[in-house]
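Have a look at the model, try each task, and then follow the solution.

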Amino acid sequence: MALLEVKDLEVCYGLIKAVKGVSFEVNEGEIVSLIGANGAGKTTIMHALNGIIPKSAGSVTLGGTDITGTAAHKLITMGMAQVPEGRRIFQELTVFDNLKLGYFCKKDKEEFNTKIEEMYSYFPILKERSKQIAGTLSGGEQQMLAMSRALMSSPKLLLLDEPSMGLSPLYVSTIFDMIKTVNASGTTVLLVEQNAKKALSIAHRAYVLDLGRITKTGTGTELLNDESVRAAYLGG
């Protein structure tokens, strides 16, 4: 069953059409990856889905509900959360307070405590640094915090935008392992990622974007073994 359905999505920046009639779906329980070169339109699509930038045309439904014109802050209560490119944590607040803000749309104190402990089980380093100012964390630790903050709202769909950007290979592996763990626990994932090999290795399905259009789709394994994809995005 499709949890997210995107039909004929267009996004324009002035006279420039950055996304050109893109259609795709994410089924419940899947990890779906969008891959493509810089400027392909990946992040623009994520921003449009999350209501950060306006859609010029097309429709988006979440769990059968039309969310095409829904404001970004309302989508969290509907089950969609995003980890933006560049993490965008609250640098001046503690790790704990960042996580607390991820729960802003709920009021159940007992559930809050359960969710905090769940995040600490995913990333034990965050528990060790719970009182530390978030801006003093390493890049990898900040990415863990950004993911955990988004997961505090128990989203049905988690949007991840370039989670490996700027991270060491060790942290990249940790983040991708956690994406698989989060998905296995029941959260559907839409992943935009420059590291195509990593993205395809964990994806149930994937779409290739080129200049604002989807040019190819298949399972992660199929695209990993596709000669044209390998030549363009996987270094041959």
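Helices here are DSSP runs of H or I with at least four residues, numbered from the N terminus. Keep in mind that the model is predicted.

**Exercise 1.** Find the helix that holds Thr-43, and decide whether Thr-43 is buried or exposed.

*Solution.* 
- Step 1: Thr-43 sits in helix α1, which covers residues 42–49.
- Step 2: The relative accessible area of Thr-43 is 19%.
- Step 3: Buried means under 20%, so Thr-43 is buried.

**Exercise 2.** Describe the second largest pocket by volume, lining and residue class.

*Solution.* 
- Step 1: Its volume is about 170 Å³.
- Step 2: The lining of the second largest pocket counts 13 residues, and Thr-43 is among those nearest the centre, along with Asn-38, Lys-42, Glu-162 and Gln-194.
- Step 3: By class, this lining splits into 7 polar, 4 charged and 2 nonpolar residues.

**Exercise 3.** Now do likewise for the largest pocket, and name the elements that give two or more residues to its lining.

*Solution.* 
- Step 1: The largest pocket holds about 510 Å³ of space.
- Step 2: Its lining has 19 residues, with Asn-50, Ile-76, Gln-82, Pro-84 and Arg-149 nearest the centre.
- Step 3: The elements giving two or more residues to that lining are α2 (72–75), β6 (80–83) and α6 (139–151).
- Step 4: The lining of the largest pocket comprises 12 nonpolar, 5 polar and 2 charged residues.

Key. Residues are numbered from 1 along each chain as its sequence is written. This is a predicted model: local features need pLDDT of at least 70, side-chain atom pairs count only at pLDDT 80 or more; totals for chains, interfaces and linings use all residues. Side-chain values use heavy atoms; hydrogens and water are left out. Buried means under 20% relative accessible area, exposed over 50%, partly exposed in between (1.4 Å probe, protein chains only). On a 1 Å grid over the protein atoms alone, a cavity is a set of points where a 1.4 Å probe fits but cannot get out, and a pocket is an open set with protein on both sides within 12 Å along at least five of seven lines; lining residues have an atom within 4 Å of a point. Grid points are joined across faces, edges and corners, and a volume is the space filled by probe spheres set on the points. Ala, Val, Leu, Ile, Met, Phe, Trp, Tyr, Cys and Pro count as nonpolar, Asp, Glu, Lys and Arg as charged, and the others, Gly among them, as polar.
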